[in-house]
Amino acid sequence: MHLSRIPAGMRYYVGSEARLRRAVEDAAMSVFDGWSYEEVITPTVDYYALFEHGMGQEEAQRGFCFSDNDGRMLALRPDVTSSVARAAATLLAERPRPLRLCYAASVFKQQQQSHAEWRRESTQLGCELIGAAVIAADLEMLAIAAEILSRLGLQESYCITINSVEIFNGIAAHLDLDEPSREQMRRLIDTRESAELQRFLTSYRTSAEERGLFARLTQLTGKREILNEARAVITNPRSVAALNALEALWSVIESVGLQDTFEIDLGDVSSLDYYTGLSFKVFVRGAGSRVGRGGRYDSLTANFGRAEPAVGFVLDLDALTEVVGREEFSLSGNNGREVNVLSGQDIAATLAAAQNKRENDERVRIEFGQ
Amino acid sequence: MITIAIAKGRMQDDALTLLARAGLRISEEALASRRLALVDESGNYRFIFVKPADVPVYVEHGIADCGVVGRDILLESEADLLLPLDLGIARCRIVVAAAEPEVMQRDFGMLRVATKYAKVAGDHFGARGIPVEIIALSGSVELAPALGLADLIVDLVETGRTLKDNGLSIVEVITESTGRLVVNRASYQLKAPAVTTLLNALEATINGATRT
């Protein structure tokens with residue numbers, strides 16, 4: 001075993017790339033701050049049980065686990081939201097609502113969902129809005145995500161897809177699907193297997209026309225017209241309520257002029273057990289997989305003894321840095337600043353000169369003699 | 001421009017024929033060359049030709065937006081991709097085959113299974129609680145039982161000829177496999193109009209609609 005070897009999925013950042021990464025982080029944190037989100041720093045190591053309840057078993061199992069001295073299972077945090085939700089229900093229970101919290105924190109996964117996500121340590125830029133069920137809270141999330149992407153110079157190259165998981169849930173309940181069938185339908189929609197989805201639905205009381213329309217709906221993404229098409233096939237009350245909420249959301253998106261970068265994607269059913277209403281994904285040209293995701297998770301904090309509505313999202317700092325770096329977009333940093341090179345036999349005088357320059361916040365570099 | 005990764009080998013000719021019928025034509029001259037990346041006559045599509053197992057890799061990383069590859073490869077790769085279209089080409093089956101089918105009923109010793117599809121084979125026997133030893137090979141799997149390396153094989157079968165010639169017969173069919181169109185999740189959103197155009201053209205071709 002060579003000491004020079006680095007574990008799979010881990011990396012260094014050095015020099016201009018590290019500076020760019022820091023600048024991307026700062027840009028996001030300043031947007032969060034601008035929307036009155038307070039920073040929260042959560043423990044890096046926590047009980048595995050927290051994440052199991054917070055993210056679901058399947059996701060939590062992707063983490064790095066080890067045991068505490070008393071034998072209880074610990075994990076390197078695979079997400080931050082679980083921990084924030086616990087704090088909201090306990091430590092911050094008495095604070096006035098809504099709570100607005102944000103973070104830039106590393107998360108660790110031993111095994112990623114996609115082979116393209118090779119990193120096992122990545123940094124999430126995230127925010128959570130806890131204690132507000134209104135549609136305005138959902139919109140605030142979308143607006144903040146859009147603002148961060150714009151500030152990074154990506155306003156022409158990002159796309160945010162929105163959906164409500166309640167549309168699927170309503171259909172599954174309406175068809176009276178048992179758990180394995182529900183998962184099968186979810187998977188067929190998630191991977192856009194339109195023909196197989198239609199075949200699957202033949203065993204339920206549906207007409208061929210309905211099946212065709214429904215399969216088409218979940219395969220396409222689009223703007224408002226998707227909702228109109230959906231109303232023609234989806235008529236159960238639970239799904240219709242979700243469609244109404246999505247339409248209200250879409251109307252505001254249109255009225256603030258964001259409709260070009262947003263898409264409605266009824267086929268986004270990837271995190272059904274986690275989200276309870278709005279769910280969204282962030283894509284950026286130049287990144288082969290999504291760079292962020294978010295949504296409403298109204299049932300999460302109940303795990304920690306206090307049920308309240310919540311919505312949040314995360315962006316992947318490392319993926320964003322890669323895209324921004326490739327676009328040769330320059331964020332302010334030390335890059336352009338002149339450096340004062342100081343040297344001399346008299347080390348006291350050199351240090352004093354350096355301190356003098358630093359008082360004016362100038363950049364210095366001391367050259368040592370041989 | 002949309003980049004499409006095509007699995008080289010048995011899939012390639014069927015895939016190019018189907019794509020040409022859907023309007024994505026490559027000039028004879030380009031096809032005759034040995035280049036591994038070609039642009040179609042419309043200039044809207046770039047084709048890259050890679051080993052079948054590499055198609056999901058290129059598409060999952062978003063280097064190729066779409067790919068044409070057999071379901072057998074996808075089952076084995078566990079790639080996180082969209083699978084919007086069954087192209088119906090290169091139809092075949094993944095089967096369990098043996099020289100002596102009664103070996104399945106044997107009540108002593110672990111069954112040894114030679115295969116290129118270690119995951120598919122492991123899942124198949126695992127789901128039924130049959131403990132097996134998987135022996136991963138990269139080709140000529142049909143030889144393994146005759147030489148005593150394995151009791152069974154799990155392999156892709158088109159006509160069954162190779163099996164028969166090597167004294168093997170099918171014990172059971174695990175699943176069917178056909179050529180699939182796969183799409184990168186990000187490309188599906190970011191290049192939605194172009195991807196949809198391609199999907200519609202291919203779907204119309206498969207459903208036998210005439211194109212002008």
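View 1. Strand β3(A) is joined to β4 (residues 73–76) of chain A by three bridges, with the two running antiparallel. Strands here are DSSP E runs of at least two residues and helices are H or I runs of at least four, all numbered from the N terminus; two strands pair if DSSP finds at least two bridges between them. Look across the pair and you'll find Ser67(A) opposite Met73(A), while Cys65(A) sits opposite Ala75(A). Five residues lie between the strands of this hairpin, and Gly71(A) in the turn has a positive phi of about 90 degrees.

A quick word on what you're looking at: this is a predicted model, where local features need pLDDT of at least 70 and side-chain atom pairs count only at pLDDT 80 or more, while totals for chains, interfaces and linings use all residues. Residues are numbered from 1 along each chain as its sequence is written, and chains are lettered from A and ligands numbered from 1 in the order in which they are written.

**View 2. Helix α2 of chain A and its buried face.** The buried residues of α2(A) are Tyr48(A), Leu50(A), Phe51(A), Gly54(A) and Met55(A). Buried means that 20 or more other C-beta atoms lie within 10 Å of a residue's own, exposed means 12 or fewer, and partly exposed is in between, with C-beta atoms placed from the backbone. Down the axis of α2(A), these residues fall within an arc of 155 degrees, so they line one face of the helix; the arc is that of the directions from the helix axis to the C-beta atoms. They pack against β2, α3 (57–60), β3, β4 and α4 of chain A, where contact means C-beta atoms, placed from the backbone, within 7 Å. After α2(A) comes Gly56(A), with a positive phi near 90 degrees.

**View 3. Helix α4 of chain A, mostly covered.** Eight of the nine residues of α4 (residues 81–89) of chain A are buried. Among them are Val84(A), Ala85(A) and Arg86(A). The buried residues of α4(A) pack against β2 (45–47), α2 (48–55), β5 (99–108), β6 (121–130) and β12 (310–316) of chain A.

**View 4. Where chain A meets chain B.** The contact draws 21 residues from chain A and 17 residues from chain B. On the chain A side, β7 (158–164) and α8 (194–201) each supply at least two residues. That side has six nonpolar, ten polar and five charged residues, counting Ala, Val, Leu, Ile, Met, Phe, Trp, Tyr, Cys and Pro as nonpolar, Asp, Glu, Lys and Arg as charged, and the others, Gly among them, as polar.

Key
Contact = placed C-beta atoms within 7 Å.
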